[in-house]
Amino acid sequence: MTIFVTGGAGYIGSHVVIELLEQGHNVVVADNFSNSKRGVIERICRLAGREFPFYEMDIRDADGLGRIFSEYRIDSIIHLAGLKAVGESVSKPLEYYANNLESTMVLIDAMKTHNVKKFIFSSSATVYSADNEMPLTEESRTGGCTNPYGWTKFMCEQILCDYANAANGCAVVLLRYFNPIGAHPSGLIGEDPQDIPNNLMPYIAQTAAGRLPFLSVFGDDYDTPDGTCVRDYIHVSDLAAGHVAAIKHLDSNSGVSVFNLGTGKGVSVLEFVAAFEEATGVSIPKKTAGRRSGDLPLQCASTEKAKRELGWEAKRTLYDACVDTWRWQKGID
Ligand code: NAD
Ligand code: UFG
């Protein structure tokens, strides 16, 4: 059985590929390196102790995809490739719609032509509406996204649902990731944003490394226990293991299944900083700043469905994620 992984050189994709290889799956990986580096592929092989076919290509290249699907007996697809920066999506909406929607549609078309029945999509907690009760279950309301990136995830989910509805015997899993953090425990694979990071963990890690002077805490007057926003942070290796569980699920289910991948535990910005300081022994200079536009006070996953139906739950702690991130950050500085 061979799994085609798109975006496999990226932050989450690289961890997914390692996990699949370690669990004995065969993979074919494609990435255009628009937000990743070539060296990642060699590192994945080194860590997994195995090589695999890799294609440098844009997933929107239908002919290229056709050649891959003709050459290998692809059993399932994990589609991680996409643009993911919320702020950038506001200033470059067309790039986001073109990349994220087209790549998904071209891939579905190849899937149809080559009779591939199983598809896993990297979705996001950002598809949930702002007016839901916490924790968010898979039945919570979606839509009302506040940026084009979120809409691309919402629309791809809809396209996949419509396709699965029309295609006989097709099985689709939509994985809604909460906030992925951390790095591979080897320190060889992790997240290395090209510009000033938007996300909390890389910002803190770069502050700890002295690349940035201080962390701005975006708002301390929310209606949360310490006034700062609460999120559900999940270690990227746990997230990767969730994909292996989803692959198993596809073997015995058809139609569309939706799963949250989170920990079920909310952590505030101040709690996060304290955990990082405790795990690394490095103190993080911080200043309170105004609220960041579009931030919700609280977002947290219900993990019951994933536990029950995938037999999967996050095992690693925030402390583990901080230790692993710091090991990775020190390696790249
Ligand atoms: P990433 O940018 O590190 O990885 C995405 C990879 O896809 C990159 O290697 C990039 O080069 C590649 N890529 C982009 N467009 C491509 C195309 N058209 N053809 C081929 N390759 C292409 O991002 P990530 O954090 O690893 O995210 C992976 C997926 O998970 C994305 O779809 C993202 O939207 C989703 N997701 C991420 C988060 C998060 O916080 N990191 C949260 C929820 C969902
Ligand atoms: N934060 C700060 N200072 C910073 C960066 C972040 O205080 O320098 C705060 C934010 O205000 C927020 C929390 O830290 O309260 C987490 O922010 P992130 O940017 O790390 O994460 P978000 O929850 O805003 O969004 C992330 C991804 C989205 C994804 C979402 C849910 O960026 O793509 O998780 O999966 F959709």
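**A buried asparagine and its surroundings**

Tutor: N260 has its place in strand β11, where strands (E, at least two residues) and helices (H or I, at least four) are DSSP runs numbered from the N terminus. The model is a predicted one, in which local features need pLDDT of at least 70, side-chain atom pairs count only at pLDDT 80 or more, and totals for chains, interfaces and linings use all residues. Residues are numbered from 1 along each chain as its sequence is written, chains are lettered from A and ligands numbered from 1 in the order in which they are written, and side-chain values use heavy atoms, with hydrogens and water left out.

Student: Is N260 buried or exposed?

Tutor: Buried means under 20% relative accessible area, exposed over 50%, and partly exposed in between, with a 1.4 Å probe and protein chains only. The relative accessibility of N260 is 0%, so N260 counts as buried.

Student: Which side chain joins that of N260 in a polar contact of 2.6 Å?

Tutor: A polar contact is a pair of N or O atoms within 3.5 Å; within protein, one must be able to donate a hydrogen and the other to accept it, and residues adjacent in sequence count only if both atoms are side-chain atoms. The side chain of N260 also reaches the backbone oxygen of L136, at 2.8 Å. Among the residues that N260 touches are R176, F178 and W312, contact meaning heavy atoms within 4.5 Å. The partner in the 2.6 Å side-chain contact is Y128.

Student: Why do the buried residues of α2 lie on the same side of the helix?

Tutor: In α2 (residues 39-48), the buried residues are V40, I41, I44, C45 and A48. They lie on the same side of α2 because the arc they cover around the axis, taken from the directions from the helix axis to the C-beta atoms, is only 140°.

Student: What covers these buried residues of α2?

Tutor: One of them, I44, touches G8, S14, V17, I18, L21, F52 and I189, leaving out residues up to four places away in sequence. The cover of the buried residues includes α1 (11-22) and β3 (54-56).

Student: Which side chain has an N or O atom 2.7 Å from a nitrogen atom of ligand 1?

Tutor: Ligand 1 is surrounded by 27 residues, counted if one of their heavy atoms lies within 4 Å of it. An oxygen atom of ligand 1 lies 2.7 Å from a polar side-chain atom of S36, and a backbone N or O atom of L80 lies 2.9 Å from an oxygen atom of the ligand. The side chain 2.7 Å from the nitrogen atom is that of N99.

Student: Which residue places a polar backbone atom 2.8 Å from an oxygen atom of ligand 2?

Tutor: The 22 residues that surround ligand 2 include S124, S216 and R231, which are among the closest. A side-chain N or O atom of N199 is 2.8 Å from an oxygen atom of this ligand. The polar backbone atom belongs to L200.

**Backbone geometry**

Student: What is the omega of the cis peptide bond from M134 to P135?

Tutor: Most peptide bonds are trans. P135 lies in the loop between β5 (118-124) and α6 (148-166). The bond from M134 to P135 is cis, with omega near -5°.

Student: What is the phi of F33?

Tutor: F33 is found in the loop between β2 and α2, and its relative accessibility of 11% counts as buried. The residue is not a glycine, yet its phi is positive, near 55°.
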